[in-house]
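Here are a few exercises to work through with the model open in your viewer. Try each task before you read its solution.

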Amino acid sequence: MIRKILLSLIGLLVIGTIAFFILAPGMIERDMNRIDGKPLPEISAEAQALHDTLTIVDLHSDTLLWKRNLLDRAERGQMDLPRLQDGNVALQIFSSVTKTPKDQNYDSNSAESDNITGLVIGQLQPTHTWDSLLQRSLWHGQKLDKAAEGSDRALLKISNAETLAELFEARDAATDTKPVGAMLSIEGLHNLEGNAENLGLLFEAGFRMASLTHFFDNELAGSMHGLKKGGLTPMGREVMARMEQIGMIVDIAHLSKAGVAEVLASATRPVVSSHGGVQATCKVNRNLNDNEIRGLAETGGIIGIGYWEGAVCDTSPAAIAKAMKHVRDLVGIKHVALGSDYDGAVTVRFDTSGLVQVTQALMEAGFSEDEIRDVMGRNAIRVLTAGIMPAPAAALNTPEAVDPAE
């Protein structure tokens, strides 16, 4: 009898463990990547007609973090290939998130804890990603590569100006559903694991944009949400210079005020704020003040306006357009772009299939057709095309990679 009870308990434990690994990742994502369901404006025929002719670029999403097939339409989250196609997105930048602190907040976070490790194990990612931030990013790159390879050219990986041009040629030639481009970025270069030479590994994997920090201070710089919030370290200055040399765009999202000032003062290429807002319309510390907006514009860069409350203090399309209008009025339309932060543990009003809502809101806010084309993609294409071109005679110093199979 005791043996039967023990066997039954073991069986229940096994079933429960299997159920956990199958169900938990989806449950966690449903809880973290939400659509709030609040009313949306009716889309006019004029807005839809214009939207269908736009070339749309979104500077930031965290979709690669989650356990689902990018090629399949999902019932959770905010982005996948079918929904990108529905939204007429031409190019999506996919970020690699490798570490976030427990009890994450905008004000003060330590680097001592990590939420992502539990998610990595719970999603049954390869074991070499369990204790290595660098390997987590390289695995995200491999996920994107596999998705692109299995998409029958519906998803095209973009890593240089030539592949970007090929994307637009393929979209122009398409008679039915247009292909979508995908470029890799990094949310916080703590994934270098203290070794600046690892930047070469990330570059070879296709990463073409990176922020120096995320939600905590690291070896490169202070975070706006860290404990000390300091400026760039010697390693941070070395890595930034190397990024500009090899053709990797510097992203100031989440960077401390001191760090932002230093980056903007020393940049030799256009700088990007990939996802966030502006203090003038949403006074949250992660958003840029007017002096920072002016400094970024002086580099020739762009500001990707997000869609969640921390970026625009609402989730309405009108709030997004309001932030964009402030940037336009302050420094000009050439510095405004989209930075959704989809699937980045945010609550939004619409997923990527509903991007026509932004077009509608911009029209209602008085933006001209030419301005809307700039905001929705042309500005981003200009900066990305220039930013991913390597400097003359740039050479990579790439250490031996760890075999992903190990």
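Predicted model: local features only at pLDDT ≥ 70, side-chain atom pairs only at ≥ 80, totals over all residues.

**Exercise 1. Classify the ring pair Tyr-307 and Tyr-342, and find where its partners lie in the chain.**

Step 1: A pair of aromatic rings is described by the distance of the centres and the angle of the planes.

Step 2: For Tyr-307 and Tyr-342, the centres are 5.4 Å apart. That falls within the 6.5 Å cut-off, so the rings pair.

Step 3: The planes meet at 75°. Angles over 60 degrees count as edge-to-face, so that is the label for this pair.

Step 4: Now for the location. Tyr-307 sits in the loop between β9 (302-305) and α11 (309-312), while Tyr-342 is in the loop between β10 (336-338) and β11 (347-348). The pair therefore ties together parts that are 35 residues apart in sequence.

**Exercise 2. Is each of Tyr-307, Tyr-342 and Phe-350 buried or exposed?**

Step 1: The cut-off for buried is under 20% relative accessible area.

Step 2: Tyr-307 comes out at 1%, Tyr-342 at 0% and Phe-350 at 4%.

Step 3: With those values, Tyr-307 is buried, Tyr-342 is buried and Phe-350 is buried.

**Exercise 3. How is the pair of Tyr-307 and Phe-350 described, and which residues form one aromatic cluster?**

Step 1: The ring centres of Tyr-307 and Phe-350 lie 5.5 Å apart, with 35° between the planes, and the pair is tilted.

Step 2: Phe-350 belongs to the loop between β11 and α13 (356-364), and this pair links parts of the chain 43 residues apart.

**Exercise 4. Which arginines lie over the faces of Phe-203 and Phe-367?**

Step 1: Over Phe-203 you'll find Arg-208, at 3.7 Å from the ring centre.

Step 2: Over Phe-367 it's Arg-328, at 4.4 Å from the ring centre.

**Exercise 5. How many cavities of 30 Å³ or more are there, and what lines the largest cavity?**

Step 1: Searching the whole structure turns up two cavities of that size.

Step 2: The largest cavity has a volume of about 100 Å³. It is lined by 16 residues, and Ile-252, Leu-255, Val-260, Arg-286 and Leu-288 are the closest to its centre.

Step 3: Sort that lining by class and you get six nonpolar, seven polar and three charged residues.

Notes. Residues numbered from 1 in each chain as written. Heavy atoms only, no water. 1 Å grid on protein atoms, 1.4 Å probe; cavity = no way out; pocket = protein on both sides within 12 Å on 5 of 7 lines; lining within 4 Å. Points joined across faces, edges and corners; volume = space filled by probe spheres on them. Nonpolar A, V, L, I, M, F, W, Y, C, P; charged D, E, K, R; others polar. Phe/Tyr/Trp six-rings, centres within 6.5 Å; stacked < 30°, edge-to-face > 60°. Helix = DSSP H or I, 4+ residues; strand = E, 2+ residues; numbered from the N terminus. Buried < 20%, exposed > 50% of the residue type's maximum accessible area, 1.4 Å probe, protein only. Lys NZ or Arg CZ within 6 Å of the ring centre and 35° of its normal.
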